[in-house]
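Have the sequence and the 3D view open side by side.

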Amino acid sequence: MKKIIFLFLSFFISVFIVNAQKGINFSRTSMAGGKLLMCVDSSAKNVFYAQMFPNQPRTSFNYLPEVNDVSIQIYFRKNINTQHFRYTILADNKPIVVNKSIDRTQLKDVDRGDEEVFRSTTLGVFPIKGKTITTLIYSIEKPLDIDKAVFYGKPIPRARIKALSKRFATDKGVDYSYITDPKEKTNLFFAEKDNELTIVKDRSDIDYVYYTSIKDKQTNKIIFESTAWNYGGYVDESHELSPYVKIDKNVFKKSGDYEIIIQPLIKWNGCHDCDISPKEIEKYITRYTLVISLDKENYTKKELLIYTLIVAFSIGSAFLVILYFNKKRNKKKLAEKEQQKNIAKLQLNSIRSQLNPHFLFNALSGIQNLMNKNEIDNANKYLSKFARLTRNVLDDKELISLSQEKTLLDDYLQMEQLRFGFKYEIIHSEDLDLANIEIPSMLLQPFVENAVKHGISQKATDGKIMITFIKQANDLVLTVTDNGNGFDTEKKHNGLGLLLSDSRLALLNSIYKENRFTLDLQSSTNGTKISLALTDWL
Amino acid sequence: MRAILIDDENSNLENLRTLLGKHCPQVTIMATAQNVSDAVDAIGKYLPHLVFLDIQMGKQTGFDVLKLLPMRNFEVIFVTAYDQYGIQAVKFAALDYLLKPIDIEELIIAVSKAEHKLATQIQTSQLDFLLQQLKKPETNVNKIALQMQSEIRYVTLSEIIRCEADNTYTYFFLANTEKILVSKSLKEYADLLRPKGFLRTHQSHLVNPKYVKSWLKEDGGILLLTSGEKIPVSKPNKETVKQALQQL
């Protein structure tokens, strides 16, 4: 203890036992600020001495809530001219000594065994319980440098918030809205135009003792701290200036509960016999809860980053989910499409497989006739043709080349020629690559069969069938023309072959989406022409 | 030309004998056989130039005859009633075959081909190749015999980048940048190689999907191959090609 005093204020002597005066045992000495020491009775507890505050370089505050009397001594270095010093003492702000010189006769040398010897005198002994003693000391050489020491014998009052005010922007500048005498829990709404919060504290003689902090109750972090008070603009009932502190709206990043804490800046553990519990300290602390709702939330960079990431992640995962389902759906669609196509192909196969039984057995009968007529070579020839035709039906190939189709039609027509003596011709555009262009197999056969059956079967040798494979730009056009008696196109489905062809074309159109199979039927008494166009086929 | 006819049905043997006698006088029938062991004996005995070999012979096959022979220095024309077991392998081996009932024209052509081969004494190992391929399940067949002007080339399917039609001829483009001309139409190879995954992208093009790099959307659809070549996809084939590539 002694050591500390010595170290802190080297020109003071610390240990000094004051004689008992007026029956008071002043056994404990503390520095009291300025050139002062104070003595308090030895039984006194919780002596908070020489407290200093921001922006108060010459004010020293001694908080003596449990002290009855205090003795105040002044100390001078040997080389200091004590004649220049004046002192004023106020009790509860009323002067009891004003600008008095040091009584040099009372100065005594104090030698505590250190190198330096001080001169000292007692300025007075005062009852302090429930009172305030203030000393002001200055040298007439520097009258502005007044050392002020406050001996505070009353409990430090709890601060009270007199008003909260919001500053907001207007057309002309700014204006304020007030909440006076706010409750301990106050709702506060910050609109976009609001930009500042002011906390007005009740005035006291020792405003400088208090400091303000604001705690974010969600995070338990102090987000604002101020040890300074502003004056001007707010006056209380007795026309005294009230201290206030201004807080930028942006301090409050988010809506939620905030705590305004106003408390004395006393070093509660820097004292003699400190025995003050947190509960005791709490009595000095003023707490207000502000329930703040923000029109627009502010976010820290870190929060922004996190939110951005969260948003990005959510969007990303949503996107992925959508993508996944889309893909699944597409896959399903594709599978369905595939299935439909397969079904169409199956249906196509079943339609294709039907070669008119009437023809089959008549053809065999024709071959039998050749055998019986001993036309062996012809019988062989037609048998081969018959085999090729039936094999093609059984093979169930989806696509055959144009040259294969031509061979099949040749085979077919030659077999029919055995029965009916008509003429036929198969011609094709010169630039058609018959060997490599593929078409659905048995595409024309039903039309050719129809031409034979309804067209020329009655006309015998005058009958003529012409089949063409024509290239028209990118389209392949296949035609079958006969010079028969024609038939009613309205009742065109009188032959099984044609009926099947119709549904077959529909199926083909559903499989080859990029192409169109269109059928054109013209029939008159002079003959019939069917024309089947495969658009964009080449 | 010494010939042996092998078929398990007598009527078929008689028919073939009649047709050959009438249309292919250069063929001398040394013997006929109706089962595998008789066939092996007959071939050993007469050392024929040409063997007409029925594929399906009761429970056995014409291939069994070939397997049992130590030397196969004769031409074979397979005869079959319908596209049954083994005909695909025969096609992959570029060997000749006839379908029953026999078409006289086809018979004459097949015989003269065999005659030509014997005359030019082209030694081929097509039968060995056929027997090799037959050992594997049909899906594992990975080679094809290509009949060139004066030789037979055996090409691994994965070596074939693409085929291009030139009328009734087909060009094969191989991975080693070789270009082979074969006297069969692209359509025939398309029918053979489609089950192996090859894509008929166009009336003149057959492509191995292994060498497809990307699908270019220009001009309605073009396949860019790893070789850098661009192969057109015609409209009728677009859907099929697209789907096949998606499934890769």
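**Around helix α2 of chain B**

Start at the end of a helix. Just after α2(B), Leu47(B) has a positive phi of about 40 degrees. Bear in mind that this is a predicted model.

Now step back into the helix. α2 of chain B covers residues 36-46, and its buried residues are Val36(B), Ala39(B) and Ile43(B). Viewed down the axis of α2(B), the buried residues fall within an arc of 60 degrees, so they line one face of the helix. Turn to the face that points away from the buried side. There you find the exposed residues Ser37(B), Gly44(B) and Lys45(B).

What do the buried residues of α2(B) pack against? Their partners in chain B are β1 (2-6), β2 (28-33), β3 (50-54), β4 (56-57), β5 (60-61) and α3 (62-68). The helix α2(B) lies across β1, β2 and β3 of chain B, and runs at about 150 degrees to β2(B).

Next, the sheet. Five strands of chain B form an open sheet with parallel pairing, in the order β2-β1-β3-β6-β7.

Strand β6 of chain B, residues 75-80, runs parallel to β7(B) and is joined to β7(B) by four bridges. Thr80(B) stands opposite Leu99(B) in β7(B).

Finally, chain A. Chain A has eight helices and 27 strands. Of its 538 residues, 30% are buried. Among chain A contacts between residues at least 6 apart in sequence, 66% join residues at least 24 apart.

Note on methods: Residues numbered from 1 in each chain as written. Chains lettered and ligands numbered in written order. Predicted model: local features only at pLDDT ≥ 70, side-chain atom pairs only at ≥ 80, totals over all residues. Buried ≥ 20, exposed ≤ 12 C-beta atoms within 10 Å, placed from the backbone. Helix = DSSP H or I, 4+ residues; strand = E, 2+ residues; numbered from the N terminus. Arc of directions from axis to C-beta. Contact = placed C-beta atoms within 7 Å. Pairing = 2+ DSSP bridges. Axes fitted to C-alpha atoms, helices over the stretch in contact; angles between N-to-C directions.
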